[in-house]
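Subject: Structure handover

Hello,

Here is the structure I promised to pass on. Please open it and keep it beside this email as you read.

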Amino acid sequence: MNLWYSNKAKKFFLHFLDQVERANAGKTELDPSRSFKFSIEDRILCSSGKVTYNRRYDYILSLNIPLHEATNKGELESIHKLKAEKLAEGKEINGNEIVRPRVPLEACLVNFLAAEEMHDFYSTSLKTKTTALKTAGLTSFPDYLVLHMQRFVMEAGWVPKKLDAYIDVPDIVDIGHMCSKGHQSREELLPDGVPDEEDSNKTWVNEEIVLQLVSMGFNHLHCQKAAINTSNVGVEETMNWLLSHMDDPDI
């Protein structure tokens, strides 16, 4: 199973928009790629209680699929039981008997907003690495929102697995609740800077993320660059960036 080929549609779309944007350089009012562009704001809450905000732009909103939110769990349990019985009898289940999880799109959107732990986050307040919580929200909305469902997950041993599931999409999708609240007056921001002069002239890279990707066969230097460009958020985000920039001449 090749993760690279699974991202070809996403990669082509981003490449196409990049070419459109280049062709309309200096003519932003005529640039149709702007209709897909939006801003995401990451809020990182340090264990010190202080926060920091990072903003990034994108053209595609990538969503994980929370299988535990499937609406047909009863059917899934029944088919799993039937499959186990047939396997015990040495029989195979036919295609008509396969039942796939049905996950509401709203559950995927809510999952995007859920807090995520960041291990080995360097706190400029505590002057050491700690665990932080990251949440995300949108600070701008595009005319056309393109969604990309993350159908590949990593199982034990970093083995990729494709999620075979249906996403139920309603006729009207309300994403107003995904708007970022931004910096609140009661929040104290993390101070800028790095711990000491030795680290002041270099960009910090989470080597745990890098080593996990290297163990999957990626180039070490490429993994470091991917980690930097995703602010060391996590393995999945770093891998997605890496797969989307494999053909970049300066990677």
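Below is what was found in it, from the whole chain down to single residues.

First, the ground rules. This is a predicted model, in which local features need pLDDT of at least 70, side-chain atom pairs count only at pLDDT 80 or more, and totals for chains, interfaces and linings use all residues. Residues are numbered from 1 along each chain as its sequence is written, and side-chain values use heavy atoms, with hydrogens and water left out.

**The whole chain**

The chain has eight helices and ten strands. Helices (H or I, at least four residues) and strands (E, at least two) are DSSP runs, numbered from the N terminus. Of its 251 residues, 34% count as buried. Buried means under 20% relative accessible area, exposed means over 50%, and partly exposed lies in between (1.4 Å probe, protein chains only). Take the contacts between residues at least 6 apart in sequence: 65% of them join residues at least 24 apart. Contact means heavy atoms within 4.5 Å.

**Cysteines**

Cys 46 is buried, because its relative accessibility is 3%. Cys 179 has a relative accessible area of 40%, so Cys 179 is partly exposed.

Helix H4 covers residues 105-113, and its buried residues are Leu 105, Ala 107, Cys 108, Leu 109 and Phe 112. What covers them? Strands E1 (38-45), E3 (60-64) and E6 (128-138) are among the elements that do.

Ala 114 sits in the loop between H4 and strand E5 (116-123). Its relative accessibility is 38%, so Ala 114 counts as partly exposed. Beyond neighbours within four places in sequence, Ala 114 contacts Lys 134 and Thr 135. Ala 114 and Lys 134 are 20 residues apart in sequence, yet 8.4 Å apart in space, C-alpha to C-alpha.

Two packed helices are described by the angle between their axes and the distance between the axes. Axes are lines fitted to C-alpha atoms, for helices over the stretch in contact, and angles run from 0 to 180 degrees between N-to-C directions.

Start with H6 (residues 207-214) and H7 (residues 220-229). They pack at about 135°, with axes 9 Å apart. That makes H6 oblique to H7, since angles under 35 degrees count as roughly parallel, over 145 as roughly antiparallel, 65 to 115 as roughly perpendicular and the rest as oblique. Glu 207, Val 210, Leu 213 and Val 214 in H6 meet His 220, Cys 223, Gln 224 and Ala 227 in H7. This contact divides into five nonpolar, two polar and one charged residues. Ala, Val, Leu, Ile, Met, Phe, Trp, Tyr, Cys and Pro count as nonpolar, Asp, Glu, Lys and Arg as charged, and the others, Gly among them, as polar.

Next, H7 and H8. Their axes come within 9 Å and cross at roughly 115°. His 222, Cys 223, Lys 225, Ala 226, Ala 227 and Asn 229 in H7 meet Thr 238, Trp 241 and Leu 242 in H8. By class, that contact has five nonpolar, three polar and one charged residues.

Finally, look at Thr 238, in helix H8 (residues 235-244). Is Thr 238 buried or exposed? Thr 238 is buried, because its relative accessible area is 0%. Leaving out residues up to four places away in sequence, Thr 238 touches Ile 209, Leu 213, Cys 223, Ala 226, Ala 227 and Thr 230.

Best wishes
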